[in-house]
Amino acid sequence: MDKLRLKPEQLTNKCTSESFDFKTTEELSPIRGIIGQDRAKKALEFGLGVTRKGYNIYVSGQWGTGRNSFVNMLTEEQAIKRPAPNDWLYVNNFKDPYHPIAIKVTNAQGQNIIKQVDRAIRFLRRGIIEIFSSRDYENAKQKLVEAYNLQSNSIVDKLNELGKKYGFLFSLTEKGIVSIPLKDGKPMVEEDYHSISQKDYEALMSNSQKLSLETIDLFNKLRIEEENLRNKLKSLDEQMVRHLVKFHLESIKENNKDNEEIKRYIDSIEDDIVENLESFKEEEDDVDENNPLALLTASQHNPETFFERYRINLFVDNSEVKRAPVVFESNPTYYNLAGSIEYQNEMGVMKTDFTMIKPGALHRANGGYLILLAKDILSNPYSWKSLKRSLLDESVTIDSRAASAGALVSQTIRPQAIPIDVKVIIIGDYYTYSVLNAYDEEFQKLFKVMVDFDEEMDRNSENIEKFARFVSTKCQMEGLSHFTPDAVAILVEHATRLSDDQNKLTSHLKTLGDIIIESDAWANYYKEGVVTHEHVLKALEERKLRANKYEESTMELYKEGVYLIDVNGFKIGEINGLAVVGSGQYSFGKPSKITVSTYQGRQGIINIEREARTSGKIHDKGVMILTGYLGKMFAQDKPLALTASIVFEQLYSGVDGDSASSTELYALLSDLSGVPINQAIAVTGSVNQRGYIQPIGGVNEKIEGYYKVCKIKGLNNEQGVIIPVQNVKNLMLDDEIVDAVRNNTFHIWAISHVDEGIEILTGRKPGKRTKDGGFEKGTIYALVDQRLQHLAKESKPKTKETPAVEKTARASNKKNDKPNDKIVE
């Protein structure tokens with residue numbers, strides 16, 4: 001089996017300093033973006049370039065692969081090519097204040113419009129007061145009042161003529177016309193009312209009713225004259241003010257003659273001012289600031305409150321934005337995403353208006369790009385539905401949820417929805433994408449571009465050069481000491497180790513960036529001007545030391561003999577299996593003794609781990625495959641009649657995965673054949689029903705873990721590990737193990753079939769099937785076949801003797817007339 005033994009050069013893929021043409025990474029030009037993500041880059045560029053509805057982007061990839069920074073960089077580059085977005089205003093809807101109006105204006109014009117309107121309102125307030133206090137206005141008003149007085153006095157005279165017939169006199173007062181009864185031709189006083197008789201009172205009331213009927217037409221004429229006076233006074237006010245209002249507001253319309261919405265809004269302001277001239281006539285009174293009650297009363301009746309209606313809410317101000325916006329929302333709550341309506345407390349009641357509408361991330365990103373993290377938006381109530389609704393409707397509706405939150409709300413508003421043109425980019429993992437794509441049909445409509453970041457890249461000269469430039473860029477950006485070629489070479493080897501492939505490099509640049517920073521820290525500690533390979537090795541060693549407490553405790557148990565394991569000698573039905581134990585970001589190999597016991601019965605293979613409920617589904621599947629293999633190999637001419645129990649000794653935390661299935665099969669074959677297994681050799685690898693070995697994960701950790709145990713127990717130049725041949729490309733072993741293999745003190749075999757593994761473990765041929773259907777004599781499989789034949793014969797029921805026994809028993813029962821005894825076969 002020497003041909004299956006791996007050579008030292010197969011156990012790692014070294015990177016030498018001769019691969020680089022620089023003295024330090026300071027000589028290298030910085031690199032933009034990330035390395036080895038060509039597929040993701042093309043997909044992202046495509047998604048950013050498509051402007052049609054539904055072509056939003058979902059970025060999939062593992063944390064630390066540079067997704068966020070790369071998405072930001074490419075999005076910023078694309079945003080530069082697009083123009084700056086418009087400003088958005090919310091203004092009062094004078095016809096329906098509960099539905100504020102949204103107005104779009106040219107970029108950076110929002111503040112100018114607000115200034116123009118504010119200035120116009122200030123001038124109008126002063127100008128209108130001056131108009132209404134002017135002599136011309138007073139003269140014109142006096143003429144109208146005098147004309148009214150003439151008409152009203154004439155009507156009053158006619159009323160008095162009718163009143164004399166019934167003993168009444170009409171008088172015009174500030175409160176209107178009042179009728180006064182006469183006594184002896186003179187108006188009655190209060191004493192006359194008290195002394196009037198019942199008969200005179202009834203006559204007075206009768207005359208009053210008759211008078212009312214005859215004066216209806218005159219009173220109607222008087223009301224008409226009053227209405228005419230009010231209309232004429234209002235018309236006078238409008239005529240006096242309309243010119244002034246147009247003078248101050250027309251310039252705003254002229255400055256925005258291309259914006260019909262602004263022109264309509266200015267027209268509505270003009271109409272509202274004319275409609276509410278009385279409020280412009282009022283002046284703010286002086287208030288005693290030391291009197292709280294006076295302050296409260298003043299706040300409720302302050303004329304300034306009226307003029308809030310003419311304010312403009314600069315909802316989205318893009319005056320400082322020179323290209324399309326790129327917004328990253330790290331906390332996408334409903335309000336942060338879709339906007340909010342703020343409230344103020346007035347006497348314990350929440351009130352609001354259009355000036356308290358605040359924008360969300362969708363509004364700020366309108367005309368550009370919005371970047372979100374999947375885990376953030378999916379964990380916030382209402383946010384995900386709100387985002388989908390906005391993208392489907394291509395507009396954002398701001399809802400108030402104060403009432404639903406239990407607040408006492410007396411006034412709320414529903415602002416006009418704002419149309420949006422935004423490209424949404426969600427960054428998450430592939431599992432989240434799969435779930436959303438499978439169960440959310442709206443997600444399929446809205447996120448048609450999937451950008452998948454690779455976890456690894458090819459290890460070639462081009463990517464190694466980019467990797468060195470990445471180190472240089474990191475040093476420049478962070479202000480770190482630069483790296484020598486041998487230091488970069490160690491980083492390349494570690495990146496290969498993290499990728500679990502000799503021909504790959506990991507794309508987890510975040511982890512590598514941390515190692516670069518820590519290496520620089522050790523260089524500074526030793527007062528070195530550059531980072532060498534010693535500093536990188538020290539950084540890696542310290543990272544491992546900070547996380548390997550559990551591993552050290554485990555190895556201590558092997559040293560003390562608490563964990564029973566043999567690395568010398570031969571034993572039947574016992575073998576050393578390999579497993580990987582994870583502890584946060586650090587994992588290590590932990591050897592375990594696997595034992596098998598076979599005996600007569602028909603229960604098949606019993607997985608004790610499963611019976612104890614410490615086995616995972618994949619491990620259960622691996623054990624079940626063993627029955628298929630045994631049936632294929634040895635049960636074609638006889639039933640498979642055996643009971644075999646398999647267990648991981650001293651394993652109490654559970655086991656999963658099928659990487660021990662081949663190991664369990666070897667122990668099973670050993671126990672059936674009676675041929676002992678070399679305890680110096682540990683095994684890993686899964687097996688299928690045809691006996692072919694399949695690859696597994698964590699091969700480096702498993703080999704290194706067993707090597708450490710062998711060092712503790714004592715190396716004897718025979719120890720080693722059997723691995724699947726497919727895992728050879730995954731080997732990036734520690735230099736100490738490579739040297740041990742080179743010195744023949746430790747061995748690693750790579751196999752493709754069970755036949756090769758059992759021969760290495762037992763030193764005997766597995767055996768080939770002969771023409772008569774058996775196996776070559778003296779081989780492992782021949783011994784197994786013989787044992788299984790023996791177990792099959794022993795398990796056959798004795799069908800010939802049973803009837804005779806039953807017959808005798810029945811005869812005896814009949815003769816003695818006694819109850820029948822129970823017969824157990």
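For my patches I take residues with over 30% relative accessible area and no salt bridge, and I join nonpolar side chains within 5 Å.

**Entry: surface patch.** I'm working on a predicted model, so I keep that in mind throughout. With the patch rule in hand, I found that Tyr431, Val435 and Tyr439 make a nonpolar surface patch of about 420 Å². I looked up Val435 and found it in helix H16, residues 430-439. Val435 has 32% relative accessibility, so I put it down as partly exposed.

**Entry: the open sheet.** Which order do the five strands take? I read S8-S13-S16-S1-S17, an open sheet with parallel pairing. Strands S8 (326-328) and S17 (449-452) sit at the edges, and each pairs on one side only. On average, neighbouring strands of this sheet are turned by 20° against each other, direction ignored.

S1 (residues 57-60) and S16 (residues 423-428) run parallel and are joined by four bridges. Ser60 has Gly428 in S16 as its bridge partner.

Next came the helices on the sheet. H2 (residues 67-80) packs on it and touches S1, S8, S13 and S16. The direction of H2 makes about 175° with that of S13. H1 (residues 38-49) lies across S1, S13 (369-373), S16 and S17, and I noted about 155° for its run against S17.

**Entry: helix H15.** I checked burial in H15 (residues 383-393). The buried residues there are Ser383, Trp384, Ser386, Leu387, Lys388, Ser390 and Leu391. What comes after H15? Glu394 does, and its phi is positive, near 60°.

**Entry: a hairpin.** S5 (residues 176-183) and S6 (residues 186-187) pair in the antiparallel sense over two bridges. Lys183 stands opposite Lys186 in S6. Two residues lie between the strands of this hairpin, and Asp184 takes a positive phi near 60°.

**Entry: salt bridges.** How many salt bridges does a search of the whole structure find? I got 41. I followed up a few.

- Arg230 with Glu227: the closest N and O atoms are 2.6 Å apart. Both residues lie in helix H7 (residues 216-255), three residues apart, about one turn of the helix. In an α-helix there are 3.6 residues a turn, so residues three or four places apart point the same way. Arg230 is partly exposed because its relative accessibility is 48%, and Glu227 also counts as partly exposed, at 35%.
- Glu275 with Lys234: here the closest N and O atoms are 3.9 Å apart. This pair links distant parts of the chain, with Glu275 in helix H8 (residues 260-275) and Lys234 in helix H7, 41 residues apart. Glu275 has a relative accessible area of 54%, so I call it exposed. Lys234 comes out partly exposed, at 39% relative accessibility.
- Asp637 with Lys638: I read 3.2 Å between the closest N and O atoms. Why is Asp637 exposed? Asp637 has 56% relative accessibility, and the cut-off for exposed is over 50%. Lys638 is buried, because its relative accessibility is 11% and buried means under 20%.

I also noted a network of salt bridges that links Arg242, Lys246, Glu270 and Asp271.

Definitions and conventions. Residues numbered from 1 in each chain as written. Predicted model: local features only at pLDDT ≥ 70, side-chain atom pairs only at ≥ 80, totals over all residues. Heavy atoms only, no water. Pairing = 2+ DSSP bridges. Axes fitted to C-alpha atoms, helices over the stretch in contact; angles between N-to-C directions. Contact = heavy atoms within 4.5 Å. Patch = residues over 30% accessible without salt bridge, like charges linked within 9 Å, V, L, I, M, F, W, Y side chains within 5 Å. Areas by Shrake-Rupley, 256 points an atom, 1.4 Å probe, with all protein chains shown as cover. Salt bridge = Lys/Arg side-chain N within 4 Å of Asp/Glu carboxyl O. Buried < 20%, exposed > 50% of the residue type's maximum accessible area, 1.4 Å probe, protein only.
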